[in-house]
Amino acid sequence: MEFYLEMLIAGLIRGAIYSLIALGYTMVYGIIELINFAHGEIYMIGAFTGLVVAGLLGASGLPTLGILVIALVAGMVFCAGYGVTMEKVAYKPLRKASRLSPLISAIGMSIFLQNYVLLAQTSDFVPFPRLIPEFKFLEPISHLLGSSDLVILVVSSLVMVGLTLFIRLTRLGKAMRATAQNQKMAMLLGIDVNQVISLTFMIGSALAAIGGVLIASHSGQINFYIGFLAGLKAFTAAVLGGIGSIPGAMLGGLVLGVAENLPIILSAFFADIGLNIDIPNDYKDAVAFCLLILILIFRPSGLLGRPAIKKV
Amino acid sequence: MRAVLSVSGVSMDFGGLRALDSVDMEVREGEIVALIGPNGAGKTTFFNCITGIYAPTEGEVFVSPPGRDRINIRHRKPNQVTGLGLARTFQNIRLFPSMTALENVMIGRHCRTRAGLLGAIVRGPVTRREEKGIVERAYSLLVKVGLGRWANEVARNMPYGAQRRLEIARALATDPFLLLLDEPAAGMNPQETQDLKALVTRLRKEFELSILLIEHDMKMVMSVSDRVVVVEYGKKIAEGTPAEVSADPQVIKAYLGEESDA
Amino acid sequence: MRELSRGLLASLWMVVLTAPLLVVRVNTTDKVVTWRWGNMLWMAIGSLLLFLAWRWAMARRGGDVQAADQDSWFDKLLARIGQGPLRLPVILGLVLVALVLPLFVSMYEMDIYARALIYVGLGLGLNIVVGMAGLLNLGYAAFFAVGSYTYALLNHHYALDFWLALPLGGLFAALFGVILALPVLRLRGDYLAIVTLGFGEIVRLVLQNWDSFSFGPSGIANIARPTLFGREFGVQDSAIFIYYIALALVAVVIFVTKRFQDSRVGRALLALREDEIACEAMGIDKTGVKVMAFALGASFAGVFGVVFAAKQAFINPDSFTFIESAMILSIVVLGGMGSIVGVAIAAIILQLMPEYFRFMADYRMLIFGAALVLMMLFRPEGLVRAKREHYTVKDLSPQTEDK
């Protein structure tokens, strides 16, 4: 039984990270209807920025928690910068173009950023220092919930609550919602749509950076390619929850995180009931893609999205 | 006279909104029927329901193609409905803007021709004959609606009135027995409307068509149609000859407002 | 002057933004930090120049898509060749060059040219799906894989001949295309793109993990080379033979694409891109037409997959990653969606360039990515704009018009 619980928690941790990245997809999609293919690379750049910070401060004698905070902030700031720059260069000039143009541009951006990091840093896997300190009080249950697990869960929950409050309560949040509903109308009412779009990219990218730094510290190694898969899965999570819906992205991430452990869980379950069916764990990525295809076919509006009506 | 289209109890809901409320109507062979009503009464929704673009929430839609038994088309796809012989035009013109007038009409022949992948690649005599037939038929239809000299012009560059006629030619290319026209005279000047009226009556005779049209131009409705059906708020409120309908107090109320019961 | 100061600002922004990753490199195991200030200088100069070029290009475009409708000198040149009396000589000349090429180049180069031709075929196949049908397929490499594995596996288990595998590979790939297309084609454009990407990855993951079926990551080796009426070739002649096979297949594929484009179905496909609802109202079965295009495109990939397996004599799942799909997509986008000539040129350039510009090898993918973005911004129609001949009525006057 304990094994299943362990799997569930591991799934939730990964799911929390997916949620953080998925928020960026869903917010951008909500506002300009673009699948920002390069969003996963922002997450990867966040992880690398964290690595650089940790490397620079590693010898300074600061406590690891302090380094973690600085790494998170630096990651958020720089990723926000990358996000805004990317929007200005690759998407903004294409706002009036056909739907496929910005998507192809985004794919180009994704390939570009991957190779930029590859050339600027390295093509190998690099070890990432453990920035999350060990908490003593977790020791009795550490096999179930380690300290990095706890930090990820707490930080991501806080971020999501903060984001929800921001969008619900602040002026800028209202402007974002208005722009998502009807861009032209928002513009006529004096909302600076360009500013709102930039802000959306900034927030989305900063959230991805948090995810990047946390997961890097959790898994202990990174390379230039981690953004591709993580981005795809986060996108799946966003679609699963209903793209454009912020609570949907959070829920979708968690569901996907748990669902990915299905191959292990099923294998264990089959073993428990005496069947000898072993599903290789490598199929966990395929689970995400199958899930994506099934949702899009059977419920394209996702778990929390609303179906669209065809207009003639 | 037998009915080519008979609709019974058709309702359409969008979320909580009932856009059509149990509408019954019939179009008989060779008839021109006008569907009128204030803006937002559900006329275009009705068209979408009988052409398969929407699946009605309730009710049945039967068509009777010439020489065949009546068929329920409630669950058919739009292209299947067209295949059975219902063709339509659109309120907000939907041509293929970058294709020429001729090509637009050629597309209408799609459902009456068969060349597939293999035919396309081998391009044997059968395919070539078919292609030639498509071009000839399309051009003759263009001539019929008075657009012969526009044949090689790209649709988006054509004048508005010509685009409306082109939509009719394209619909005719599908060999319909029932033609559905959605506000064909919208945006036309009086002269163009006159020409359109003449065209509609002529096409009915020449192609042995039955026609159902939505129109706001009352002069045209009254002079061209055999029967008029009036809808308001998704409900049918009157039906009859143009004279009957224009004398109906409920219709007058719907069009002129409350105080007109004098 | 204002431009320059804005350029300096942009340059400063880029320098700061890229500083952590470009300047610092940390080695966490040895705790060594390397500072590379030189990179910062390059970034400053580079981004300033790029910014100025950018502003210039944007100003020239007028920030407007309308400008893209004007023909450049390149378009005009192509139009001259394409329609004028030069057309036939140019085509014949190219064919002749392609035919005698093996006499002049080394075996190594032969291999590269054969590969370039395979990519021409792949580009043309994806062109039908993306360029003509407007369906963004990001998992095209999966169909390439289906073709390759069809030959590799059937040859491994049953010693199946190359020539039999060729149509089979195309057929299986088309079948996969239909299986994928039927459920997903009603999805909106960008969703379709992601689903095809997911499908491509699933195929690769299965090939990678289902050891008993596909031999997993270690792949399949010793795939038989093609024979000519039972005659076998040595390694060297074989390379030439495969080059000719690929060349012939490219010719076939171009022929098929052209015929398809000018057919009833091709016309419907074009109309579907302009207005789906109007098409349905005209009786076009939109799913049917799209599935046909999807399957035809996939079958090209399958056929060239067989050629690829025969050329390499060894395949494993690494040849069919997303990057492969992205590469083929780049060929279509850079060449010009819908343009046969453009796609062929782009495929050859993209395949040959890395070979002849070795010093650029590291920057290859970086340039690809940037090229995709820039292409969308400044010339979304690609190198060669797809031109279509309209159906016309030759003789407009004689018939009297009814009014």
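1. Basis. The model is predicted: local features need pLDDT of at least 70, side-chain atom pairs count only at pLDDT 80 or more, and totals for chains, interfaces and linings use all residues. Residues are numbered from 1 along each chain as its sequence is written, chains are lettered from A and ligands numbered from 1 in the order in which they are written, and side-chain values use heavy atoms, with hydrogens and water left out.

2. Domains of chain C. Domain 1 spans 2–52 and domain 2 spans 78–378. Such bounds come from an automatic or database domain assignment. The two centres, taken over C-alpha atoms, are 39 Å apart.

3. Second largest pocket. Its volume is about 1,900 Å³. A pocket, on a 1 Å grid over the protein atoms alone, is an open set of points with protein on both sides within 12 Å along at least five of seven lines; lining residues have an atom within 4 Å of a point. Here 45 residues form the lining, and Ile91(C), Leu94(C), Ile254(C), Ile340(C) and Val341(C) lie nearest the centre. Helix α10(C) gives the largest share, 9 residues. By class, the lining holds 30 nonpolar, 5 polar and 10 charged residues.

4. Nonpolar patch. About 780 Å² of surface is made by Ile91(C), Val95(C), Leu96(C), Leu99(C), Val100(C), Leu103(C), Phe104(C) and Tyr244(C). Patch residues have over 30% relative accessible area and no salt bridge, and nonpolar side chains are joined within 5 Å. Helix α4(C) supplies the largest share, 5 residues. Tyr244(C) sits in helix α10 of chain C. Both α4 and α10 of chain C also line the second largest pocket, with at least two residues each.

5. Cavities. The whole structure has 4 cavities of 30 Å³ or more. A cavity is a set of points where a 1.4 Å probe fits but cannot get out. Helix α9(A) gives the largest share, 5 residues; α2 (39–57) of chain A supplies at least two. The classes are 7 nonpolar, 3 polar and 1 charged.

Methods
Points joined across faces, edges and corners; volume = space filled by probe spheres on them. Helix = DSSP H or I, 4+ residues; strand = E, 2+ residues; numbered from the N terminus. Nonpolar A, V, L, I, M, F, W, Y, C, P; charged D, E, K, R; others polar. Patch = residues over 30% accessible without salt bridge, like charges linked within 9 Å, V, L, I, M, F, W, Y side chains within 5 Å. Areas by Shrake-Rupley, 256 points an atom, 1.4 Å probe, with all protein chains shown as cover. Salt bridge = Lys/Arg side-chain N within 4 Å of Asp/Glu carboxyl O.
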